[in-house]
Amino acid sequence: MSRVQVDRDRCVGSGVCESLAPEVFELDDDGVLQVHREEPGPDDLDAVRDAVQSCPARALALAE
Ligand code: SF4
């Protein structure tokens with residue numbers, strides 16, 4: 001099972017991950033990243049990989 005890892009010290013709240021994988025990532029009203037599916041299913045994996053690679057702060061990882 002793959003698992004999303006967020007380095008919250010690095011996250012700058014840009015929202016890139018949310019735009020690429022909105023089923024998995026969401027910035028709340030305070031700009032804090034919420035991860036709705038810490039263990040994304042097969043249908044989410046491509047979008048999550050995109051988000052990991054596109055995060056400008058290199059704050060995301062996917063442990064597979
Ligand atoms: S793309 Fe990276 S920096 Fe931006 S909200 Fe997501 S985890 Fe944080």
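Q: Before anything else, what counts as a nonpolar core here?
A: A nonpolar core is a set of buried Ala, Val, Leu, Ile, Met, Phe, Trp, Tyr and Cys residues joined through side-chain atoms within 4.5 Å. The model is a predicted one.

Q: OK, how many residues are in the largest nonpolar core, and which touch the most other members?
A: That core has 17 residues. V4, V24, F25, V48 and L60 touch the most other members.

Q: Which helices and strands each supply at least two residues of it?
A: Strand 2 (25-27), strand 3 (33-35), helix 2 (42-54) and strand 4 (60-63).

Q: And which gives the most?
A: Helix 2, which contributes 4 residues to this core.

Q: Switching to cavities. How many of 30 Å³ or more are there?
A: The structure holds 1. The largest cavity has a volume of about 90 Å³.

Q: What lines the largest cavity?
A: Its lining is made up of 14 residues, with C11, G13, S14, C17 and C55 nearest the centre.

Q: What's the split by class in that lining?
A: 11 nonpolar and 3 polar residues, with no charged ones.

Q: Where does the ligand go, then?
A: The ligand takes up the space of the largest cavity.

Q: Which residues are around the ligand?
A: C11, V12, G13, S14, G15, V16 and C17, then L33, then C55, P56, A57 and L60.

How values were computed. Residues are numbered from 1 along each chain as its sequence is written. This is a predicted model: local features need pLDDT of at least 70, side-chain atom pairs count only at pLDDT 80 or more; totals for chains, interfaces and linings use all residues. Side-chain values use heavy atoms; hydrogens and water are left out. A residue is near a molecule or strand if one of its heavy atoms lies within 4 Å of it. On a 1 Å grid over the protein atoms alone, a cavity is a set of points where a 1.4 Å probe fits but cannot get out, and a pocket is an open set with protein on both sides within 12 Å along at least five of seven lines; lining residues have an atom within 4 Å of a point. A molecule sits in a cavity or pocket if more than half of its atoms lie within 2 Å of its grid points. Grid points are joined across faces, edges and corners, and a volume is the space filled by probe spheres set on the points. Ala, Val, Leu, Ile, Met, Phe, Trp, Tyr, Cys and Pro count as nonpolar, Asp, Glu, Lys and Arg as charged, and the others, Gly among them, as polar. Buried means under 20% relative accessible area, exposed over 50%, partly exposed in between (1.4 Å probe, protein chains only).
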